[in-house]
Amino acid sequence: MSSPTGPASGLPVRMPRPRQPGRHRRPEPVVAPVGAPPLVLAVPGSPDDATRSLAEEVLSIARSELPGLDARIGYVDWDGNGEGASEDFPALESVLTRAAQERGERARRAAAAAKAKAEAEAEALGEEGAAAAAAAEPAVTDETASAVVVPLLAGPDNALLRRIRQAVKHSGSAAELTDVLGPHPLLAEALHVRLSEASLARADRARLFTVATAADGIILATVGGAEAAQAGGITGMLLSARLAIPVMAAALDEDGAVVRVAEQLRTAGSTRLALAPYLIGPEVAADLPAAAAEEAECAAAEPLGAYPAVGKLVLAKYATVLGIKLQPNPAMR
């Protein structure tokens, strides 16, 4: 029997589960701030169905990490009024112009609301009281960027970045352009996965089995000339540490660079080479990495594509600009 104050003696008492304190406490979910500017993914390469599918998948990953995110696609290789641009394949410049117009509309609505509030206060408090209240309140402004542009590039490509900056400038918007995605440990992880998918590397160096076709030297193929190859060398060192084999970067768009690096690796003792494209994919013609691998007489993995790390890094660039604190991820440090 139970008493009016609780269960009878000897019966279990259901108590509310205490909230876990300290570092074991479950973090509150992060959502996009109301009114935050859109994330505009600047996509290089041919605006086609394959490129759009890849870009949409990258943004889908970003949205899953930050619910409520306003994410859009803008193609770099259309000019502002580029022939062929459409709702399915919008030019970057036109996407940014639209974002700037929306920001202006928000500012006008905020100003109208502030004016209506001031008029209502004037009527209720009299002119002197309303003036004092208005002086005590901050002015309604919109100082945030109209958009945050994230280039879909693993490494620096000055030609592409120059076209992206021109699109931002010509759009007349207050958009902010972030850095490219790399170098980063998550991209080294993605390269490792792509190599293992092609049976060119062990999926996990801790496992006690061998891969007969595993490479003993990696050519990290970049695009953007010598500067991009130098920057790619940082991610190459991270990949080398994961695989415990030598990794050297070479630019696909520099004549003979891939073959020269292949010769250096062979001279150093590597006999089974593999080419790892340090590319998202749309930056170059689809057959260029395979052609470079054939010229260097080695196998090739697939580009990074919409690997989850790419979407997470795109979001991280956006969040850094706006000061949004994402859920901690050890690999993002």
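The model is a predicted one. The protein has 333 residues, and 41% of them count as buried. Its chain forms 8 helices and 8 strands. Among contacts with a separation of 6 or more, 74% join residues 24 or more positions apart.

Start with strand β1, residues 39–43. 5 of its 5 residues are buried, so the strand is largely enclosed by the rest of the structure. L39, L41 and V43 point one way from β1. V40 and A42 point the other way, and these too are buried.

β1 pairs with strand β2, residues 71–75, in the parallel sense over 5 bridges. Here V43 stands opposite Y75 in β2. In β3, V150 is the bridge partner of L41.

Beyond its neighbours within four places in sequence, it contacts A55, V58, L59, R72, I73, G74, V150, L152 and V314. L41 is also part of the largest nonpolar core, which has 51 residues. Together with L152, L195, I218, L304 and V310, it touches the most other members. Helix α8, residues 308–322, gives the most to this core, with 7 residues. In soluble globular proteins, nonpolar side chains tend to be buried together. Another core of 18 residues lies apart from the largest one, and its members include A221, V223, A257 and L279.

Now turn to an open sheet. It holds 4 strands in the order β6-β5-β7-β8, with parallel pairing. β6 (247–251) and β8 (299–300) stand at the edges, and each has a single partner strand, so one side of each is left without a neighbour in the sheet. Strands of a sheet pair through backbone hydrogen bonds, either parallel or antiparallel.

Inside this sheet, β5 (residues 217–222) and β7 (residues 273–277) are joined by 5 bridges. I219 has L275 as its bridge partner in β7. β5 and β6 run parallel and are likewise joined by 5 bridges. On that side, T222 has A251 as its bridge partner in β6. The chain goes from β5 to β6 through helix α5, residues 225–243, in a right-handed β-α-β crossover.

The loop between α5 and β6 contains A244. Is A244 buried or exposed? A244 counts as exposed, because its relative accessibility is 66%. Its C-alpha atom is 9.6 Å from that of G217, which is 27 residues away along the chain.

Helix α4, residues 185–197, lies across β5 and β7 and runs at about 130° to β7. Helix α7, residues 288–295, lies across β7 and β8, at about 160° to β7.

Methods: Residues numbered from 1 in each chain as written. Predicted model: local features only at pLDDT ≥ 70, side-chain atom pairs only at ≥ 80, totals over all residues. Heavy atoms only, no water. Pairing = 2+ DSSP bridges. Helix = DSSP H or I, 4+ residues; strand = E, 2+ residues; numbered from the N terminus. Contact = heavy atoms within 4.5 Å. Axes fitted to C-alpha atoms, helices over the stretch in contact; angles between N-to-C directions. Core = buried A, V, L, I, M, F, W, Y, C linked by side-chain atoms within 4.5 Å. Buried < 20%, exposed > 50% of the residue type's maximum accessible area, 1.4 Å probe, protein only. Right-handed = clockwise from strand over helix to strand, strands pointing away.
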